[in-house]
Amino acid sequence: MARTKKVTITLPVELLESMKTHTDNVSGYLTELAERAERRRLLREELDRYQGEFGPFTDKEMAEARSLLHGAEETGRAA
């Protein structure tokens with residue numbers, strides 16, 4: 001089990017009430033959201049590093065990535 005530390009945060013009441021309508025575990029819900037945000041941040045840093053070393057992604061590379069991420073229906077979308 002991951003180590004945890006209890007912290008206090010302040011949220012708008014409406015947001016907290018909305019979260020409680022679809023989860024009984026607000027702490028777990030916020031942890032999941034924070035983990036996703038951290039993964040996106042780390043990926044963005046890696047993509048920036050890669051492009052800094054090898055240059056910007058081409059339109060073809062972007063289309064291929066979209067296809068892998070979203071399926072064939074996204075391949076015709078502009079970059």
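How many residues does H2 have, and how far does H2 reach from its first C-alpha to its last? In this predicted model, H2 has 29 residues and spans 42 Å between those two atoms, close to the 42 Å expected at 1.5 Å a residue. H2 takes part in a helix contact with H1 and contributes to the lining of the second largest pocket.

**Helices H2 and H3**

- Helix H2 covers residues 26–54 and helix H3 covers residues 59–70.
- H3 has 12 residues, and the distance from its first C-alpha to its last is 16 Å, close to the 16 Å expected at 1.5 Å a residue.
- Gly55 follows H2 and has a positive phi, near 95°.
- Gly71 follows H3, and the phi of Gly71 is positive, near 95°.

**Contact between H1 and H2**

- Helix H1, residues 13–20, packs with H2 at an angle of about 100°, and the two axes lie 10 Å apart.
- H1 is therefore roughly perpendicular to H2, as angles of 65 to 115 degrees are counted in that class.
- On the H1 side, the contact is made by Leu16, Met19 and Lys20.
- On the H2 side, Val26, Tyr29 and Leu30 make the contact.
- By class, this contact has five nonpolar residues, one charged residue and no polar residues.

**Largest pocket**

- The volume of the largest pocket is about 330 Å³.
- Its lining consists of Arg3, Thr4, Lys5, Lys6, Val7, Ile9, Val26, Ser27, Leu30 and Thr31.
- Four of the lining residues are nonpolar, three are polar and three are charged.
- Val26 and Leu30, which belong to the H2 side of the contact with H1, are also among the residues that line this pocket.

**Second largest pocket**

- The second largest pocket holds about 280 Å³ of space.
- This pocket is lined by 11 residues, of which Leu47, Met62, Ala65, Arg66 and Leu69 are the closest to its centre.
- Helices H2 and H3 are the elements that give two or more residues to the lining.
- H3 gives the most, with seven residues.
- The lining has seven nonpolar residues, one polar residue and three charged residues.

Technical notes: Residues numbered from 1 in each chain as written. Predicted model: local features only at pLDDT ≥ 70, side-chain atom pairs only at ≥ 80, totals over all residues. Heavy atoms only, no water. 1 Å grid on protein atoms, 1.4 Å probe; cavity = no way out; pocket = protein on both sides within 12 Å on 5 of 7 lines; lining within 4 Å. Points joined across faces, edges and corners; volume = space filled by probe spheres on them. Nonpolar A, V, L, I, M, F, W, Y, C, P; charged D, E, K, R; others polar. Helix = DSSP H or I, 4+ residues; strand = E, 2+ residues; numbered from the N terminus. Axes fitted to C-alpha atoms, helices over the stretch in contact; angles between N-to-C directions. Parallel < 35°, antiparallel > 145°, perpendicular 65-115°, else oblique. Contact = heavy atoms within 4.5 Å. Expected span 1.5 Å × (residues − 1).
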